[in-house]
Amino acid sequence: QDAHAVPGEEPVDPYVVSDANAGATPFEGQAMWAAFNEGEGVGRIVDQMLDLSAADPRTAGIFVATDMVRLRRTLREQFCYILNGGCRYTGRSMADAHDEIGLQPADFGALVEHLQTAMTAEGVPFRTQNRFLAKLAPMRPDTVTR
Ligand code: HEM
C-alpha cells in the first residue's frame, strides 16, 4: 500500500512517485488556483466531474470496477499540482494509469464535457477553463488508445 493512500483505497502495483507523472508543468503564480477556489473548489470540481462521468451512459461502464477513492485523491492532487496549489502528485503516469482501459476518443470528449460543466458550476471563468483544458489536452495520446 503506498504511503500516500487514504483509507478505503485498494493497493496498486509499485511505481516511482514523481511530479513528472502529472503530465504537465504547473501554472505560475496564484491566479489559476484562486480562480478554481483553491482546494475546496478543486475537490468539488473533481467530485462533480467523476459523478457525472459515472452516471453518463456513454462512460458509466468504464468506472464500474474503478477504485473511486483513489481516483478522487489522485485527480485532486494532479489538478492542485497543475494549478500551482502547492500539492505533490503521487499517482501514476497518464500512460500507466490508462493503458489497460482502452479509452476511445469519444470517452475523452465526454470527460471534458463533464469537467467543463463542473468548472462552470464552480464559477471558473470560461477563459480560465480553457487555459486549464490546454494543459490537459497534450495528455490525450497517453490516455486514449487511438
Ligand atoms: C487528460 C485527461 C485525463 C486525465 C488528466 C486523467 C487523470 C487520471 C488520474 C490522475 C488517474 C489516477 C492515476 C493513479 O491511479 O495513479 C486516472 C485513472 C483513471 N482514469 Fe483518467 N484521466 C484522463 C482521461 C480519462 C478518461 C477520458 C477516462 C474515461 C472516460 C478516464 C478514466 C480513468 C479510469 C477508469 C482510471 C482508473 C484506472 C485504474 O484504476 O486502473 N481517464 N486518470
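## Ligand shell

Among the 25 residues around the ligand, those that come nearest are Gly 91, Arg 92, Ala 97, Leu 111 and Met 139; a residue is near a molecule or strand if its C-beta atom, placed from the backbone, lies within 6 Å of it. Two or more residues of this shell come from each of the elements α3 (60-63), α4 (68-82), α5 (94-98) and α6 (105-121). Helices are DSSP runs (H or I, at least four residues), as strands are (E, at least two), and both are numbered from the N terminus. The structure is a predicted model, in which local features need pLDDT of at least 70 and side-chain atom pairs count only at pLDDT 80 or more, whereas totals for chains, interfaces and linings use all residues. Residue numbers start from 1 along each chain as its sequence is written.

The most is given to the shell by α4, with 5 residues. By class, the shell around the ligand holds 13 nonpolar, 8 polar and 4 charged residues. Here Ala, Val, Leu, Ile, Met, Phe, Trp, Tyr, Cys and Pro count as nonpolar, Asp, Glu, Lys and Arg as charged, and the others, Gly among them, as polar.

## Packing of α2 on α6

Two packed helices are described by the angle between their axes and the distance between the axes. For helix α2 (residues 38-55) and α6, the axes come within 8 Å and cross at roughly 140°. Consequently, α2 is oblique to α6. Axes are lines fitted to C-alpha atoms, for helices over the stretch in contact, and angles run from 0 to 180 degrees between N-to-C directions. Angles under 35 degrees count as roughly parallel, over 145 as roughly antiparallel, 65 to 115 as roughly perpendicular and the rest as oblique.

The crossing of α2 past α6 is right-handed; a crossing is right-handed if the near helix is turned clockwise from the far one by less than a right angle, and left-handed if anticlockwise. On the α2 side, the contact is made by Ile 45, Gln 48, Met 49, Leu 52 and Ser 53. The partners in α6 are Ala 110, Leu 111, His 114, Leu 115, Thr 117, Ala 118, Met 119 and Ala 121. Residues are in contact if their C-beta atoms, placed from the backbone, lie within 7 Å. The contact of α2 with α6 comprises 9 nonpolar and 4 polar residues, and no charged ones.

## Packing of α2 on α4

Helices α2 and α4 pack with their axes 9 Å apart, at an angle of about 135°. This angle makes α2 oblique to α4. The crossing of α2 past α4 is right-handed.

From α2, the residues Gly 39, Val 42, Gly 43, Val 46, Asp 47 and Leu 50 take part. They meet Met 68, Leu 71, Arg 72, Leu 75, Arg 76, Phe 79 and Cys 80 in α4. The contact of α2 with α4 divides into 8 nonpolar, 2 polar and 3 charged residues.

## Positive phi values

Most residues other than glycine have a negative phi, and most peptide bonds are trans. Glu 38, in helix α2, has a positive phi, near 55°, although it is a residue other than glycine. Glu 38 is partly exposed, because 15 C-beta neighbours lie inside 10 Å. A residue is buried if 20 or more other C-beta atoms lie within 10 Å of its own, exposed if 12 or fewer, and partly exposed in between, with C-beta atoms placed from the backbone.

Asn 84 is likewise not a glycine and has a positive phi of about 60°. Asn 84 is located in the loop between α4 and α5 and counts as partly exposed, because it has 16 C-beta neighbours inside 10 Å.

## Exposure and separations

Arg 88 lies in the loop between α4 and α5 and is exposed, because 12 C-beta neighbours fall inside 10 Å. Leaving aside residues up to four places away in sequence, Arg 88 touches Asp 19, Glu 77 and Tyr 81. Its C-alpha atom is separated by 8.1 Å from that of Ser 18, 70 residues apart along the chain. Val 16, in the segment before α1, is exposed with 9 C-beta neighbours inside 10 Å. Val 16 and Arg 92 are 76 residues apart in sequence and 7.9 Å apart in space, C-alpha to C-alpha.

Ala 34 belongs to helix α1 (residues 31-35) and is partly exposed, with 13 other C-beta atoms within 10 Å. Between Ala 34 and Pro 14, 20 residues apart in sequence, the C-alpha to C-alpha distance is 34 Å. Pro 105, in helix α6, counts as exposed with 11 C-beta neighbours inside 10 Å. Pro 105 and Pro 26 are 25 Å apart in space, C-alpha to C-alpha, and 79 residues apart in sequence.

Technical notes: Contact = placed C-beta atoms within 7 Å.
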